[in-house]
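This note is written for a colleague who is meeting the structure for the first time. Please keep the sequence and the model at hand while reading the points.

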Amino acid sequence: MSGYDYGVELWRVSGPMGEWKLKLGSGPGAARVAREAAVWSRLGPAGLDRSRFQHGDGGGCTWLVTPWHCGPTLWELCTPVRQCAVKARHEVLTGAVDTCITVAAVHLRGWVHGDLQPHHIIFGPSRARLIDWSRAWSADSDLPPADRGLVHLASPETLADADKPVTAADESWTLAAALWWAASGRWPRDYRALGIDPAIFTTAELARVLERRPAPLGRLAWPELEQVLRTVLTAPAASRPTAAELALHLAGIPA
């Protein structure tokens, strides 16, 4: 067993056909697992192979089996940078660009992942892969919009309206925020400047606080990366750089 989160158990299973991820959802987690199965069955955004998954119900649980992707997460890749290892910056930049390209491919298909964060990005032998698709959404699908992901990584527009479906522009903000968090270990919004402890609020309460009192951005120990990410995080939605444009800007940073 690898983990448990809000009624969802995660197992790593080995067999003659390789390694697989088994998700079991019970109680409130059943709907999350069922929704992720629905995403796999409808599209397979960003290279999801619909022939390589199975799902069903039984024993009071909803289950989903998908390939297990080996490799470091974005969070793990950025560990040396968080520890101020300058030599690791080239590898991190390469991973960041690869991540943006993968997200841009999802957006090109008319989908959003809906829960981008460093722990949902895995680097395999050839490219970055996104995992945990339970909040993915497309305006062209018959799936209803899901609830938002981490409020700390939510765009200002999403904070202002929790019922608004996440757009590609929202997810570009989240992508930049996720890279900021992975590179620094701190949320991009500077809660200390507001004089608040985000841990004492519920998700909905914190969103209301941030809507009333927008938090300034913090600082990164990597000025060139900060400048690129700050450009995304301060831009209005209508002129916000896309994931593909962010990839180009990141590729231009000297390591």
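Predicted model: local features only at pLDDT ≥ 70, side-chain atom pairs only at ≥ 80, totals over all residues.

1. Overall form. The chain contains 10 helices and 9 strands. Its C-alpha trace extends over about 50 × 40 × 35 Å along the principal axes. A compact globule of 255 residues would have a radius of gyration near 18 Å, and the chain, with 18 Å, agrees with that expectation.

2. Burial and contacts. Buried residues make up 49% of the 255 in the chain. Of the contacts between residues at least 6 apart in sequence, 62% link residues at least 24 apart.

3. The largest nonpolar core. This core has 54 residues, and the members that touch the most others are L74, L175, L179, L225, L229, L246 and L250. At least two core residues come from each of α1 (29-42), α2 (74-77), α4, β7 (121-123), β8, α6, α9 (223-233) and α10 (243-251). Helix α6 makes the greatest contribution, with 10 residues.

4. L179 within that core. Which residues does L179 contact, leaving aside its neighbours within four places in sequence? They are L74, A96, C100, L229, L246 and L250. Of these contacts, L74, L229, L246 and L250 are also named among the core members that touch the most others.

5. L64 in strand β5. L64 belongs to strand β5, which covers residues 61-67. Is L64 buried or exposed? L64 counts as buried because its relative accessibility is 1%, below the 20% limit for burial. Beyond residues up to four places away in sequence, L64 touches K21, L22, K23, V33, E36, A37, F53, Q54 and H55. L64 and I121 are separated by 57 residues in sequence and by 19 Å in space, C-alpha to C-alpha.

6. W187 between two helices. W187 sits in the loop that joins α6 (168-184) to α7 (191-194). With a relative accessible area of 24%, W187 is partly exposed. Apart from its neighbours within four places in sequence, W187 is in contact with L150, H152, L153, W180 and W181. From W187 to A177 the C-alpha distance is 7.5 Å, and the two are 10 residues apart in sequence.

7. Two positive phi values. Most residues other than glycine have a negative phi. C84, which is not a glycine, has a positive phi of about 65°. C84 lies in the loop between α3 (79-82) and α4 (89-108), and at 62% relative accessibility C84 counts as exposed. D132, likewise a residue other than glycine, has a positive phi near 60°. Where does D132 lie? D132 is in the loop between β8 (128-130) and β9 (137-138).

Key
Residues numbered from 1 in each chain as written. Heavy atoms only, no water. Helix = DSSP H or I, 4+ residues; strand = E, 2+ residues; numbered from the N terminus. Rg over C-alpha atoms; globule rule 2.2 N^0.38 Å. Buried < 20%, exposed > 50% of the residue type's maximum accessible area, 1.4 Å probe, protein only. Contact = heavy atoms within 4.5 Å. Core = buried A, V, L, I, M, F, W, Y, C linked by side-chain atoms within 4.5 Å.
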